[in-house]
Amino acid sequence: MIANALRSLELNDVPVAKLTGRLSGATGLLLESTGCQLETGQHCRIETASGEWLDAQVVGFRQEVSYLMPFKKPVGLSTGARVLPNPEAGQLLIGPSWLGRVVNGLGEPLDGRGKLGGEHVLDPHPPRVNPLKKKPVSEILDVGVRSINGLLTLGRGQRVGLFAGSGVGKSVLLGMITRQTEADVVVVGLIGERGREVREFVDHALGPEGLAKAILVVAPADESPMMRLMATELCHAIAAHFRDQGRNVLLLVDSLTRYAMARREVALALGEPPATRGYPPSVFGLLPQLVESAGNGDGEGSMSAIYTVLAEGDDQQDPVVDTARAILDGHIVLSRDLAERGHYPAIDIAASISRCMSQVASPAQVASARTMKQMLARHAQVRDLIPLGGYVPGADPLTDRAVNLYPHIEAFLQQDVGEAAPLADTLMRLNEVVA
């Protein structure tokens, strides 16, 4: 009887059927599947003509048709190809072994150093934190850049954007911040950028010491939009995990604009109508959800986030730029005019602001920073008149002071790529200039 019972149990464990869908259409990167009920956000596998499997994610459905978006270039697909749900996808284990590694949007290692593992299950989607339980921003974040430390002081847990057009120095400034910021863990998301920048960022921006405490999530421009989306969300999930472990985390995303563009590609492929400059409305609803997952949580750890935002054609009214300016805790604008004059980092102090500076900086520093900004504004009013001889000293004492102080202010604001500017030294120089 026992043998018969065991035999019956084993037979019951054998699956008699396997849910299988069929590929019924492919338009660009959008694939259509029928014959199998799939959930939105679910991962699945599609059989290619060569017998290999292509990973994809369900992004929508209409009646009996499920819409899929592949993570990699869809090559070798044919009508009627099998589509199988992939229940094992998304099970990532994370731990300290992730430090110093480079992964893609699926958490797969790209550095050839073996598999990743850990003791905690990582949800690849960014977590949400109750806004009433978030720890307030109360400590200064020393980023090692003199103009930011002195005039645009950041705090631990603040989210700030680097706004600029192409070729003005966003990535270089991001590298300076990466090397010099005091953080236990640095999570870098290189999203939609040039492939060569990945190795350059590892070798030059991080270096061996910086890489030891960093995790890079990479999705270059030649990756599919789904991979770019997942890479952006994964780096937020990784940073939030270490934040909740009590670490001080610095999250760097280059760039938020490429994430918005990937969202636009997916939404347009699903038939959503374009609105502002070709961006569907859903893009501007999803950006705040991503950004709000950054910042501090309810524990002892902190999560500071810096996003680069590409202003196409140096247009500060670009819809993505305008949306990011509204949802972030500050913005640092890089000026092409300053870059062309050889002024690096090319930060436009007048157009930039840190909304948390008054919470973390001392009243004396805030007063000194305000004085320097006033001197810059005064000098800007007469800068074009000085070479022409149109400026006459003595008419306005405040303008005279601004003209006399400007060489010292300009020297304060400029900084070489390899130069470190700790907060204490920055405050001392700031007081010397405006005293």
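**Notebook: salt bridges around E197 and elsewhere**

I looked up E197 and found that E197 forms a salt bridge with R194, with the closest N and O atoms 2.5 Å apart. I noted what the term covers: a salt bridge is a side-chain nitrogen of Lys or Arg within 4 Å of a carboxyl oxygen of Asp or Glu. Side chains of opposite charge can pair when their charged atoms come close.

Before going on, I wrote down that this is a predicted model, in which local features need pLDDT of at least 70 and side-chain atom pairs count only at pLDDT 80 or more, while totals for chains, interfaces and linings use all residues. Residues are numbered from 1 along each chain as its sequence is written, and side-chain values use heavy atoms, with hydrogens and water left out.

I placed E197 in helix 4, residues 196-212. Helices are DSSP runs of H or I with at least four residues, numbered from the N terminus. Is E197 buried or exposed? E197 is buried, at a relative accessible area of 13%. I used these cut-offs: buried is under 20% relative accessible area, exposed is over 50%, and partly exposed lies in between, with a 1.4 Å probe and protein chains only.

I then checked what E197 touches, leaving aside its neighbours within four places in sequence, and found S171 and L190 in contact with E197. Contact here means heavy atoms within 4.5 Å.

**Other pairs**

I searched the whole structure and got 18 salt bridges. I looked at some of them.

One of them joins the side chains of R325 and D322, at 3.1 Å from N to O. Both R325 and D322 lie in helix 8 (residues 319-327), three residues apart, which is about one turn of the helix. R325 is buried at 18% relative accessible area, whereas D322 is partly exposed at 38%.

Another is the salt bridge of R378 with D396, where the closest N and O atoms are 2.7 Å apart. This pair links distant parts of the chain, 18 residues apart: R378 is in helix 11 (residues 363-382), and D396 is in the loop between helix 11 and helix 12 (397-413). I found R378 partly exposed, with a relative accessible area of 26%. D396 also counts as partly exposed, at 26% relative accessibility.

How values were computed:
Helices (H or I, at least four residues) and strands (E, at least two) are DSSP runs, numbered from the N terminus.
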